[in-house]
Amino acid sequence: MKAVPVLVAVLNTNGGTFYEEIGAEQRIVESCDSLSIGAAVENMLLRATELGVGSLWIANTCFAYNELVQEIGTKDQLTGVVALGYGDEAPAPRPRKAWDDVVEYRS
Ligand SMILES: Cc1cc2nc3c(=O)[nH]c(=O)nc-3n(C[C@H](O)[C@H](O)[C@H](O)COP(=O)(O)O)c2cc1C
């Protein structure tokens with residue numbers, strides 16, 4: 001049987017469309033929600049990798065935002081999509097910056 005890729009729509013149920021004006025307080029809430037969602041997605045991707053399932057985190061959904069929320073049938077905020085499936089290639093690890101290039105120590 002051929003494995004079928006799965007698309008998981010990641011929704012912020014506290015958020016609405018990106019195209020409405022929001023105040024500072026709501027922006028703080030949205031920022032915290034986005035951080036939580038990012039952590040949850042990372043856990044999904046780590047578990048998928050552990051299970052030998054390939055994944056792609058897609059935030060480019062913003063470029064077809066209205067069409068996608070209409071297709072999904074939601075008023076929640078679409079923060080992205082996670083594609084899951086079995087890869088037909090195994091890319092080499094991507095280069096990483098040195099720790100000292102991304103962390104600044106202050107005393
Ligand atoms: C928040 C987020 C959004 C991403 N959105 C996209 C996307 O829309 N399209 C895409 O091809 N890759 C997307 N990626 C995947 C990255 O391009 C990259 O392949 C992935 O993060 C693995 O590389 P890294 O370990 O160096 O981050 C996204 C990654 C993150 C963390």
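A nitrogen atom of the ligand sits 2.9 Å from a polar backbone atom of Trp-57, which is a polar contact (a pair of N or O atoms within 3.5 Å). Keep in mind that this is a predicted model, where local features need pLDDT of at least 70, side-chain atom pairs count only at pLDDT 80 or more, and totals for chains, interfaces and linings use all residues. Residues are numbered from 1 along each chain as its sequence is written, and side-chain values use heavy atoms, with hydrogens and water left out.

**Polar contacts and cover**
- Arg-94 uses its side chain, with a polar atom 2.6 Å from a ligand oxygen.
- On its own the ligand exposes 610 Å², and the protein buries 50% of that (areas come from the Shrake-Rupley method with a 1.4 Å probe).

**Who's around the ligand**
- The residues around the ligand (a heavy atom within 4 Å of it) are Leu-56, Trp-57, Ile-58, Ala-59, Asn-60, Arg-94 and Arg-96.
- Sorted by class, this shell has 4 nonpolar, 1 polar and 2 charged residues.

**A look at Gly-54**
- Gly-54 belongs to strand β2, residues 54-58 (strands are DSSP runs of E, at least two residues, numbered from the N terminus).
- Leaving out neighbours within four places in sequence, Gly-54 is in contact (heavy atoms within 4.5 Å) with Ala-83, Leu-84 and Gly-85.
- The C-alpha atoms of Gly-54 and Ala-90 are 9.2 Å apart, with the two residues 36 apart along the chain.

Key
A polar contact is a pair of N or O atoms within 3.5 Å; within protein, one must be able to donate a hydrogen and the other to accept it, and residues adjacent in sequence count only if both atoms are side-chain atoms. Ala, Val, Leu, Ile, Met, Phe, Trp, Tyr, Cys and Pro count as nonpolar, Asp, Glu, Lys and Arg as charged, and the others, Gly among them, as polar. Helices (H or I, at least four residues) and strands (E, at least two) are DSSP runs, numbered from the N terminus.
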